Amino acid sequence: MAEIIHPFYEKHRGAMEAAMRHRLDLAETMLRERTHLSDLDAIRQQVMDEFEIVLTQMPYVGGAASRMSDFFMRLIGFMAISRVLRRHGVSLPVIGEIERETYKAQLLTEPAAERLAAGRQFMSSENQALLREQAARSLQNEYPEDFVYDFVEPGPGDSFEFGIDYKACGFCKFAARHGDKEILPNICGLDFDAYATRGIHLERTQTLAGGASHCNFRFSRLPPD
């Protein structure tokens with residue numbers, strides 16, 4: 001019997017597949033130069049086929065009501081890329097470099113004004129208030145495969161504006177369930193560019209994927225370029 005994609009993700013499937021095809025377009029030169037794989041058309045098809053599998057594996061964490069649904073939809077496709085490249089013997093560091101540079105290039109196709117406006121909104125006092133509420137709600141663990149996190153206020157001498165401590169990570173749970181633990185750190189590495197392209201500095205010194213008790217995200221505004 002064919003695996004089923006959750007209706008929420010099925011609704012967004014077309015946009016997610018288009019984003020994957022765009023990533024593969026952006027990655028083509030890097031794949032050719034750094035992996036020495038000869039048949040990139042075949043690799044591309046294998047990635048898209050694997051992405052169809054990933055879509056059936058994506059856990060539902062609340063849909064539009066959860067900020068973490070967007071994280072899954074934007075980043076889970078890199079699991080498909082990593083799986084295929086690992087099968088072809090590409091090293092984890094090379095996969096990480098290709099994925100991070102590809103994701104940054106994709107983010108930078110968005111107009112700078114829109115990216116920076118999104119960053120200002122994320123750092124706004126209104127969004128911080130919302131994050132406090134969402135963090136408290138996450139502790140209820142309504143969806144077992146979801147993220148669980150605390151909002152962190154800066155203390156005396158701290159240089160960050162606010163932080164988030166992720167005590168449970170949806171991507172870690174996904175990786176453990178589907179045998180992707182070795183490629184998980186590459187997904188973690190995408191966070192820095194995701195925030196930097198929106199004018200936000202992310203400082204993080206530990207991750208759950210690296211064996212820590214929590215991921216310590218600390219956010220501050222980058223100076224204007």
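**Close-up views of a predicted model**

View A. Apart from neighbours within four places in sequence, Asn-186 touches Leu-92, Ile-95, Gly-96 and Glu-99, where contact means heavy atoms within 4.5 Å. Asn-186 counts as buried because its relative accessibility is 14%; buried stands for under 20% relative accessible area, exposed for over 50% and partly exposed for what falls in between, with a 1.4 Å probe and protein chains only. Helices (H or I, at least four residues) and strands (E, at least two) are DSSP runs, numbered from the N terminus.

A word on the model before the next view: it is predicted, so local features need pLDDT of at least 70 and side-chain atom pairs count only at pLDDT 80 or more, while totals for chains, interfaces and linings use all residues. Residues are numbered from 1 along each chain as its sequence is written, and side-chain values use heavy atoms, with hydrogens and water left out.

**View B. The open sheet of four strands**. The strand order is β1-β2-β4-β3, with antiparallel pairing; two strands pair if DSSP finds at least two bridges between them. β1 (148-152) and β3 (200-203) are the edge strands with a single partner each, so one side of each has no neighbour in the sheet. From one strand to the next, the twist averages 25°. Angles run from 0 to 180 degrees between N-to-C directions, and axes are lines fitted to C-alpha atoms, for helices over the stretch in contact.

**View C. β3 beside β4, with α7 on the sheet**. Four bridges join β3 to β4 (residues 215-221) in the antiparallel sense. Leu-202 sits opposite Phe-219 of β4. Packed on the sheet, α7 touches β2 (162-168), β3 and β4, and its direction makes about 115° with that of β4.

**View D. β2 and its two partner strands**. Six of the seven residues of β2 are buried, so this strand is largely enclosed by the rest of the structure. The antiparallel pairing of β1 with β2 runs over five bridges, and Val-152 faces Gly-163 of β2. β2 also pairs with β4 in the antiparallel sense, over five bridges; here Tyr-166 stands opposite Cys-215 of β4. Helix α8 (residues 125-138) lies across β1 and β2, at about 140° to β1.

**View E. The buried residues of helix α9**. In α9 (residues 170-178), these are Gly-170, Phe-171, Cys-172, Phe-174 and Ala-175. They pack against α3 (40-57), α4, α5 (77-87), β2 and α10 (184-188). Just after the helix, Gly-179 has a positive phi of about 75°.

**View F. The largest pocket and its lining**. The largest pocket holds about 380 Å³ of space. Of its 20 lining residues, Asp-70, Phe-71, Arg-74, Phe-122 and Arg-198 lie nearest the centre. With seven residues, α4 gives the most to the lining; α4 (67-75), α7 (112-123) and α11 (190-196) each supply at least two. On a 1 Å grid over the protein atoms alone, a cavity is a set of points where a 1.4 Å probe fits but cannot get out; a pocket is an open set with protein on both sides within 12 Å along at least five of seven lines, and lining residues have an atom within 4 Å of a point. Grid points are joined across faces, edges and corners, and a volume is the space filled by probe spheres set on the points.

**View G. Gly-210 in the loop between β3 and β4**. Gly-210 is exposed, with a relative accessible area of 66%. Gly-210 and Pro-185 lie 25 residues apart in sequence and 7.5 Å apart in space, C-alpha to C-alpha.
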